[in-house]
Amino acid sequence: MTLRIYDTAARKKRVFEPQDPARITLYVCGPTVYNHAHIGNARPPVVFDVLRRLLMARYGEGAVVYARNITDIEDKIIAAALETGVPIAEITQKYAAIYNADVAALNVIPPSIEPWATAHVPEMIAIIEKLVRKQYAYVGETGVWFSVPSMPDYGRLSGRKPEDNEAGARVAVEPDKRDPADFALWKFAKPGEPEDAIWDSPWGRGRPGWHIECSAMAEKHLGRTIDIHGGGIDLVFPHHENEIAQSECAHGQELARYWMHNGFLDMGGEKMSKSLGNIVTVHDLLKDWPGEVLRFALLTAHYRAQLDWTEDLLKQAKATLDRIYGALRRVWEAEGGRATYRGVHEALEDDLNTPEALAALSAIASAANTAADQKDTEMMKATRADLLAAGKLLGLLTLTPKEWEQGGNSDENARIDALVQARVDARAAKDWAEADRIRKALAEEGVEIMDGPGGSTWRRI
Ligand code: AMP
Ligand code: ZN
């Protein structure tokens, strides 16, 4: 099978051909860390985690070099520092750790490299120096600007022309810009800005613009031309367009060979976003739902499609996963089968078609149930292997069926195990009243005892 991905720049699906199959480079723009991530912010890390798993399965685990940055210097972070009086590094370290814990709970494998913007200021300055030298950039009163008219094919990715740009003039147009479309490479420090947001540069003290951060980090860790560059659809313009302008004018070579962008997560009919206030944080969702349910819900739509986040979506994701884990439990002991994936791999190779892949996963679960009903050992082995292999590709079914059904923490589970055992003992001693009391007490806390030929187990309902 060939892997085909939709390339935003080409506006069509293209067969993926890496520069070097032994070193596939993937760069995804990471979070700006100054508050809790909402579930919309989790869509890019989850989507690109599926891509990364697929690339690892195809080219080998060690062949994929995945960089996802941390933007730890930016206007919103500075505003948060000024407002709270907390040092910038303290804010960014706190929220980067929360972000990483949140996405880890969604089974996102940590990136191979997590570059932090503030650790790359010399590399950013080096690119800006080159741009100034080649006259793609100029020094103004308030900062160093990239001159958009100096690049003839600016706008190639988004299809937007410079005249469509910020010139639309709701944003205040800085008087030192030569053209309204020009954008900041370096911003000079303004009075009152915190010292920990200021760096020296050949042009004056200040801080980098947002776009130059990614150009510098991608070049340093992945090289001047990367295989795949990804992010949310809102990054196409201006962020990615400007990354292209900076990197390509500085180095004279293509920044990325394929561009991939995920669509928006909506809630209440609008894009989930902090400014509209229609957000729900990953942190809060994880109090009520297992991480796999959130991940499954995010993958129910194709990554380029818009997805509505509703309570119903979560309930359905939970019910489907319960059913799949239930099937996995029935074939759990049938080890040693060989995986064929049955459609899951193929669906993902067609531009990450996760809705189809999840449907194929459900079909494997049905086949596992049939195999268990018919006590077809070979089929049980095969479906078990398929469920686990497909689960690994999708980042699902990472728990044992017992862990899934029991959830909770281990102390709590040990207490329930002990009560279930006490009930087994009471039954053995024919103390039916005691056995019944324990069963009822557990039912009241939402724990169901399941008596079977192999003994008694339990699950949370
Ligand atoms: P922001 O914090 O707005 O800079 O967003 C961080 C990342 O999350 C970017 O890659 C955005 O494209 C992405 N993002 C933000 N909001 C949404 C949303 N509602 N749906 C999908 N992706 C989003
Ligand atoms: Zn970026």
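A residue is called buried when its relative accessible area is under 20%, exposed when that area is over 50%, and partly exposed in between, as judged with a 1.4 Å probe and protein chains only. The model is predicted, so that local features need pLDDT of at least 70 and side-chain atom pairs count only at pLDDT 80 or more, while totals for chains, interfaces and linings use all residues. Residues are numbered from 1 along each chain as its sequence is written, chains are lettered from A and ligands numbered from 1 in the order in which they are written, and side-chain values use heavy atoms, with hydrogens and water left out.

**View 1. Strand β9 and its partners.** Strand β9 covers residues 226–232, and because 7 of its 7 residues are buried, the strand is largely enclosed by the rest of the structure. Strands here are DSSP runs of E with at least two residues, and helices are runs of H or I with at least four, both numbered from the N terminus. Strand β3 (residues 24–28) pairs with β9 in the parallel sense over 3 bridges, where pairing requires that DSSP finds at least two bridges between the strands. In this pair, Leu26 has Ile228 of β9 as its bridge partner.

**View 2. The crossover from β9 to β10.** Strand β10 (residues 256–262) runs parallel to β9 and is joined to it by 6 bridges, and Gly231 has His261 of β10 as its bridge partner. Between β9 and β10 the chain passes through helix α6 (residues 236–251), forming a β-α-β crossover that is right-handed, that is, clockwise from the first strand over the helix to the second when the strands point away from the viewer.

**View 3. The surroundings of ligand 1.** Among the 13 residues around ligand 1, those that come nearest are Gly40, Gly232, Asp234, Leu265 and Met272, with a residue counted when one of its heavy atoms lies within 4 Å. A backbone N or O atom of Gly40 lies 3.1 Å from a nitrogen atom of the ligand, while a polar side-chain atom of Asp234 lies 2.4 Å from an oxygen atom of ligand 1.

**View 4. Asp7 in strand β1.** Asp7 belongs to strand β1 (residues 4–7) and is buried, with a relative accessible area of 3%. A polar atom of the Asp7 side chain lies 3.1 Å from the backbone nitrogen of Ala9, and the side chain of Asp7 also reaches the backbone nitrogen of Trp259 at 3.0 Å.

Definitions and conventions. A polar contact is a pair of N or O atoms within 3.5 Å; within protein, one must be able to donate a hydrogen and the other to accept it, and residues adjacent in sequence count only if both atoms are side-chain atoms.
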